[in-house]
Structure formats: C-alpha cells, structure tokens
Amino acid sequence: MKDSSRNSFSGSLGFVLAAAGSAVGLGNIWRFPYLAARDGGGLFLLIYVVLAVTFGFTLLITEVAIGRRSQQGPLTAYKFFNPRWAFLGWMAFLVPYIIYPYYCVIGGWVLKYFATYLSLGGRETTDDGYFTGFITSVWEPLVLMTIFAAICFYIVYRGVEKGIEKYSRIIMPMLVIIVIFISIYSLFISHTDNNGVTRTGLEGAAVYFFPNFDGLTLQRFMTIVLDAMGQLFYSLSIAMGIMVAYGSYMKKSVNLGKAVDRIEIFDTIIAILAGLMIIPSVYVFMGTEGMKAGPGLMFIALPKVFDDFGAIGMVIGMVFFLMVLFAAITSAVSILEAIVASMMDKFGWSRKKSVVIMSATCFVWSVLVCLGYNVLYFEYTLPNGAVGQLLDIFDYVSNNILMPILAICTCILIGWVVKPKLLVGEMRLNGYHFRRKPLYIVMLKYVVPILLTILLLSAFW
C-alpha cells in the first residue's frame with residue numbers, strides 16, 4: 001500500500017543534489033581526511049579513486065536501480081525481486097535505524113563547535129580537555145542533539161520535493177563554495193615552528209597527492225585497501241537503505257545512469273577537496289605527527305590549527321564548522337528518510353505519522369548515546385580489539401557487520417538469483433550507454449562479494 005504523501009523528486013537535478021547531499025556528509029568531511037592522513041596520503045587517494053569507479057559504482061547504481069525498479073522503500077524493495085530475500089529489507093531498515101541516533105549526537109557536537117566559533121570563543125576549543133569535557137557533560141550535548149534532530153525532523157516532515165529537495169538545492173551549493181574556498185586557502189599558508197622549520201600548504205598538498213611507497217608491505221597495502229573500501233560505504237551512502245529509498249523517488253523519465261555518474265563524480269571531488277582543505281593545514285602547523293590525529297582530527301587537531309592562523313582563524317573555523325554542519329544535516333536527513341520510506345511502504349502509514357513515530361523512537365536512542373559518555377558510561381571491548389562506549393558499539397554493529405553483510409547479500413541476489421539483466425535494463429532506460437556493463441557484471445558477481453567478505457572478516461581481527 002502506498003500513500004500519496006510518498007511523492008518524488010521533481011527531476012534529475014533534484015535527485016542528484018539530494019543523493020549527493022547524502023553522500024557528502026560527515027563521512028567525507030570528517031572520516032576521509034583522517035584516513036587519508038593516516039594511510040599515506042597519495043597512496044590512499046589513488047586506491048580510493050580506483051575503488052570508487054569500480055567497487056563503489058557497482059553498489060551505488062545497483063541500489064538506486066533496485067529502488068526505482070521496485071518503487072519501494074528499503075524495507076519492502078528486496079521482497080519485490082524475490083520474496084525469499086525479504087530479510088534483506090529488514091536489514092536495510094535496521095542499518096539506518098541504528099546509525100541515525102548516534103549521527104544526531106555527532107551532529108550536536110558539530111553544532112556546539114559552530115556555535116562556539118560564531119560567538120568568537122574559538123580559542124576555548126584548543127584546550128586539550130575541551131572536547132572530552134563537553135561530551136561528558138550531561139545537559140549540553142542533549143540540548144544540542146535535540147536541536148539538530150529537530151532540524152532534520154522538519155526537513156523530512158516537509159516531504160521529498162518541498163523538504164529534502166528544496167533544502168538540498170540551498171545547502172549543497174553553499175557547502176561546495178565553502179569547501180572550495182578553504183581548499184584554495186590551505187594551499188597558500190605557511191608556518192615556521194620553534195625549531196626554525198618552515199612548512200607550506202603546497203608541501204602539505206604534495207604529501208596528500210603523491211603516493212609514498214617507502215616501507216610499504218603487503219599487509220600495510222591491504223590495510224589501506226580495506227580502509228578505502230570501508231570509506232566508500234560512508235562516502236556513497238551505500239548499504240544504508242538510503243539510495244534504495246532515493247531511487248524509489250526517481251521518476252522513470254530520469255536517466256538513471258547519468259544521474260548516478262554525476263553523484264559518483266561529485267562525491268569523489270568533494271572527498272578529495274575535503275582532504276585538501278584539512279591535510280595541508282594540519283601539516284603546516286603540526287607536521288606529519290599532526291596528521292596521525294585519527295578520528296580526533298576535526299574536533300581536537302583542527303581547532304589548534306585555526307588558532308595558529310591568528311585573527312583570521314576565528315572566521316575560518318566558523319566557516320569550516322558551518323560547512324560541516326551543512327554536511328551533517330544533509331546526511332542525517334537522508335538516513336531518516338530511508339527509515340520513513342520503509343514505514344510508509346510496509347505499513348501504509350502517512351509521511352507525517354511515519355516521521356513522528358520514527359523520530360520519537362530514534363530520539364530515545366540518541367538520548368541513551370549521549371548519556372553513554374557520562375551517566376551511563378562504560379567501556380566495552382569490541383571483537384576487533386577496540387575499546388568503546390555505546391556510540392562505538394552502534395557504529396561497529398552497523399558499519400562493520402550489518403553493512404558488509406547487506407552488500408554481500410545484495411550482490412548475490414541481483415548477480416546470481418535475479419540476474420543482472422533485469423537491472424541493466426532499468427539502467428538503460430532513456431538512452432543511457434552503459435559502457436561499464438561488462439565491468440559491472442564481473443564486479444557484481446565476483447569481485448565485490450569477495451572484497452566485502454574480506455572486509456567483514458577484518459572486523460573480527
């Protein structure tokens with residue numbers, strides 16, 4: 001049963017902007033730069049681009065085609081192709097349902113930093129205990145998370161064309177302008193440290209773009225490949241049910257293949273620019289050691305970099321965290337939409353009812369994640385040896401286990417049970433010349449499942 005409130009994008013541009021907005025989120029702005037910095041810059045970048053046009057493209061175009069062919073949200077789309085594989089729909093629903101609560105928590109963190117720089121208090125963020133002090137407090141993270149969740153609720157409540165598409169058309173151009181501005185600015189900065197060593201942004205860019213093969217072992221190479229492959233899940237919003245939902249809103253008159261090509265290109269460019277705006281700056285002020293900051297690169301290392309900029313650093317920091325906030329909102333909206341679309345198609349609920357109920361239940365989980373850093377604090381050793389809290393457990397289950405399993409099963413369903421021919425026909429509607437068809441079929445049936453199995457097994461090593 002479908003509800004009339006389950007409408008569609010106005011056209012190709014609306015779909016591309018919304019899907020790109022989903023892809024260009026915290027995965028690109030936060031996760032990509034620290035992985036690139038940690039994994040040798042240019043070598044990671046090279047591997048990532050190769051995987052994006054093969055591995056990433058295969059999963060991305062498959063999920064969009066599944067959505068448009070079935071005209072169903074992720075919970076019911078897989079059953080459309082084969083009733084015995086309906087369990088994949090529940091998995092495709094569960095992934096965004098697990099991710100959205102902690103994504104809102106991180107969105108609240110971003111909102112905190114933006115508000116701090118906006119009030120000209122950016123220097124406070126350079127204190128070593130600032131970030132930890134904030135997330136371990138009780139009320140402030142809860143309030144900011146609630147504000148962030150309310151913004152996402154309003155956009156999704158407005159619907160596809162009047163909500164998601166409308167705000168994507170406003171936010172995405174602004175985000176791109178800010179990314180390009182900071183990227184260019186980072187190339188022309190320089191700094192002389194206490195030892196008299198001068199480093200420039202161009203030198204940092206060279207570290208980022210040119211592969212370094214010194215001391216490279218097979219084990220190290222495979223680690224970088226797995227990091228790049230895992231990053232593609234974040235960058236392209238695949239195996240989250242998002243692209244299935246967005247594909248179901250795509251009109252049959254839209255050229256699906258061209259639209260996906262544009263998303264792929266746009267996302268890769270933004271990911272590269274995200275690294276360019278962060279890595280040279282960190283290198284200039286903190287050297288290669290600063291590039292090893294890991295996940296704390298955005299919340300701990302970058303504020304120190306902005307502070308070293310001097311007076312202009314306050315403005316740069318404010319603009320940067322505004323951009324990150326935009327990226328977080330567009331991604332969170334797409335995750336919530338995947339959940340809402342599932343409820344509308346499975347139970348025939350109206351959009352308003354779906355948004356209210358799903359937002360309310362996710363909000364409860366978000367509160368628990370916030371409290372996991374203070375009132376409900378505990379430490380748990382994950383199967384891969386990492387020690388984390390509630391947020392880390394949510395992230396591990398969704399990203400390290402469920403998403404690879406969902407992607408593997410999708411490849412088996414479309415590649416071996418349904419056969420690729422069905423979706424290839426969907427991709428070729430409106431005259432799309434599917435030049436990568438032979439590559440697509442080989443990747444879908446053989447290469448991607450093998451790589452994903454290795455990625456899944458690595459979660460337990």
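The following legends describe an overall view and several close-up views of one predicted protein model. Residues are numbered from 1 along each chain as its sequence is written, and side-chain values use heavy atoms, with hydrogens and water left out. Because the model is predicted, local features need pLDDT of at least 70 and side-chain atom pairs count only at pLDDT 80 or more, while totals for chains, interfaces and linings use all residues.

**Figure 1. Overall view of the protein chain.** The protein chain holds 18 helices and 4 strands; helices (H or I, at least four residues) and strands (E, at least two) are DSSP runs, numbered from the N terminus. With a radius of gyration of 21 Å, close to the 23 Å that the globule rule gives for 461 residues, the chain is as compact as a globular protein of that length. That radius is taken over C-alpha atoms, and the globule rule is 2.2 Å times the number of residues to the power 0.38. Along the principal axes, the C-alpha atoms fill a box of roughly 65 × 50 × 40 Å. Of the 461 residues, 61% count as buried, where buried means under 20% relative accessible area, exposed over 50%, and partly exposed in between (1.4 Å probe, protein chains only). Contact means heavy atoms within 4.5 Å; among contacts between residues at least 6 apart in sequence, 81% join residues at least 24 apart.

**Figure 2. Surface and charge of the protein chain.** The chain exposes about 17700 Å², of which carbon and sulfur atoms supply 67%. Accessible areas come from the Shrake-Rupley method with a 1.4 Å probe; for residues, only the protein chains shown count as cover. There are 33 positive and 25 negative side chains, and the centres of the two sets lie 17 Å apart. Lys and Arg count as positive and Asp and Glu as negative, whereas His and the chain ends are not counted. Each charge is placed at NZ of Lys, CZ of Arg, CG of Asp or CD of Glu.

Figure 3. P74 belongs to helix α4 (residues 74-81) and is buried, with a relative accessible area of 0%. Beyond its neighbours within four places in sequence, P74 is in contact with G89, A92, G241, V244, A245, A338, A341 and S342. One of these partners, A341, stands 267 residues from P74 along the chain, yet their C-alpha atoms are separated by 7.4 Å.

**Figure 4. Helix α13 and the residue F306.** Within helix α13 (residues 301-308), A301, L302, P303, V305 and F306 are buried. Their cover includes α5 (87-118), α12 and α14 (311-347). F306 has a relative accessible area of 4% and touches Y117, G313, I316, G317, F320 and F321, not counting residues up to four places away in sequence. Just after α13, G310 takes a positive phi of about 90°.

**Figure 5. Q231 in helix α10.** Helix α10 (residues 218-236) contains Q231, which counts as buried at 0% relative accessibility. Leaving aside neighbours within four places in sequence, the contacts of Q231 are G27, N28, R31, F32, L35, F44 and Y48.

**Figure 6. I106 in helix α5.** I106 is found in helix α5 and counts as buried at 10% relative accessibility. Apart from neighbours within four places in sequence, I106 is in contact with L26 and L391. I106 and A341 are 235 residues apart in sequence, and their C-alpha atoms are 23 Å apart in space.

Figure 7. N255 sits in the loop between α11 (242-248) and α12 (256-290) and is buried, with a relative accessible area of 13%. A polar atom of the N255 side chain lies 3.3 Å from the backbone nitrogen of G257. N430 lies in the loop between α17 and α18 (437-458) and is partly exposed, with a relative accessible area of 41%.

Figure 8. Most residues other than glycine have a negative phi. K419, in the loop between α16 (390-418) and α17 (421-427), has a phi near 85°, a positive value in a residue other than glycine. The relative accessible area of K419 is 42%, so K419 is partly exposed. N430 likewise is not a glycine and has a positive phi, of about 65°.

Conventions
Polar contact = N/O pair within 3.5 Å; in protein donor to acceptor, adjacent residues only side chain to side chain.
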